[in-house]
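My entries follow the model.

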Amino acid sequence: MIFDVEVKITLKDGMLNPEASTIERSLALLGYTVNNTKTSDMIKFSMDEEDREKVRSEVEDMCERLLCNPVIHNYKITVIPQETSCGCSN
């Protein structure tokens, strides 16, 4: 079975986020008032596995080893099975 995987990576509370600060300042220069701006990264890919929990476990390992720095980042994993039927009638 093919699973679509999304990993959303955010900075932990209290971590300096210069990108978000720049966005907030730039929006203010354009006349918009926004507060508490945060940015995140989204990584999407597909995996071919039999078990959804195995996919989740492997992706957690990927996050801890490569995709993010667990000292400064939080991550959220979403695993969605791909639809296998095309909706066609024979």
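Below are my notes on the salt bridges, then on an asparagine.

**Entry 1: the count.** I'm working from a predicted model here. How many salt bridges does the rule give? I get three. The general idea is simple enough: side chains of opposite charge can pair when their charged atoms come close.

**Entry 2: Lys-44 and Glu-6.** I started with the pair that links distant parts of the chain. Lys-44 and Glu-6 form a salt bridge, with 3.7 Å between the closest N and O atoms. I noted that this falls inside the 4 Å cut-off, so the pair counts. Where do the two partners sit? Lys-44 is in strand β2, residues 40-48, and Glu-6 is in strand β1, residues 2-11. Glu-6 has a relative accessible area of 25%, so I logged it as partly exposed.

**Entry 3: Lys-54 and Glu-58.** Next I went to helix α2, which runs over residues 52-67. Lys-54 and Glu-58 are both in this helix, four residues apart, or about one turn. Their side chains meet in a salt bridge at 2.8 Å, N to O. Buried or exposed, or in between? Lys-54 is partly exposed at 41%, and Glu-58 is partly exposed too, at 26%.

**Entry 4: Asp-61 and Arg-65.** I stayed in helix α2 for this one, where Asp-61 and Arg-65 are again placed four residues apart, about one turn of the helix. The salt bridge between them has its closest N and O atoms 3.5 Å apart. Asp-61 is partly exposed with 39% relative accessibility, whereas Arg-65 reaches 68% and counts as exposed.

**Entry 5: Asn-17.** Then I turned to a residue in the loop between β1 and α1 (18-29). Is Asn-17 buried or exposed? Its relative accessible area is 14%, and the class limit is under 20%, so Asn-17 is buried. What does its side chain reach? I found a polar contact with the side chain of Thr-39, at 3.1 Å. A polar atom of the Asn-17 side chain also lies 3.1 Å from the backbone nitrogen of Ala-20. Leaving out residues up to four places away in sequence, I listed Leu-11, Lys-38 and Thr-39 as what Asn-17 touches.

Note on methods
Residues are numbered from 1 along each chain as its sequence is written. This is a predicted model: local features need pLDDT of at least 70, side-chain atom pairs count only at pLDDT 80 or more; totals for chains, interfaces and linings use all residues. Side-chain values use heavy atoms; hydrogens and water are left out. Helices (H or I, at least four residues) and strands (E, at least two) are DSSP runs, numbered from the N terminus. Buried means under 20% relative accessible area, exposed over 50%, partly exposed in between (1.4 Å probe, protein chains only). A polar contact is a pair of N or O atoms within 3.5 Å; within protein, one must be able to donate a hydrogen and the other to accept it, and residues adjacent in sequence count only if both atoms are side-chain atoms. Contact means heavy atoms within 4.5 Å.
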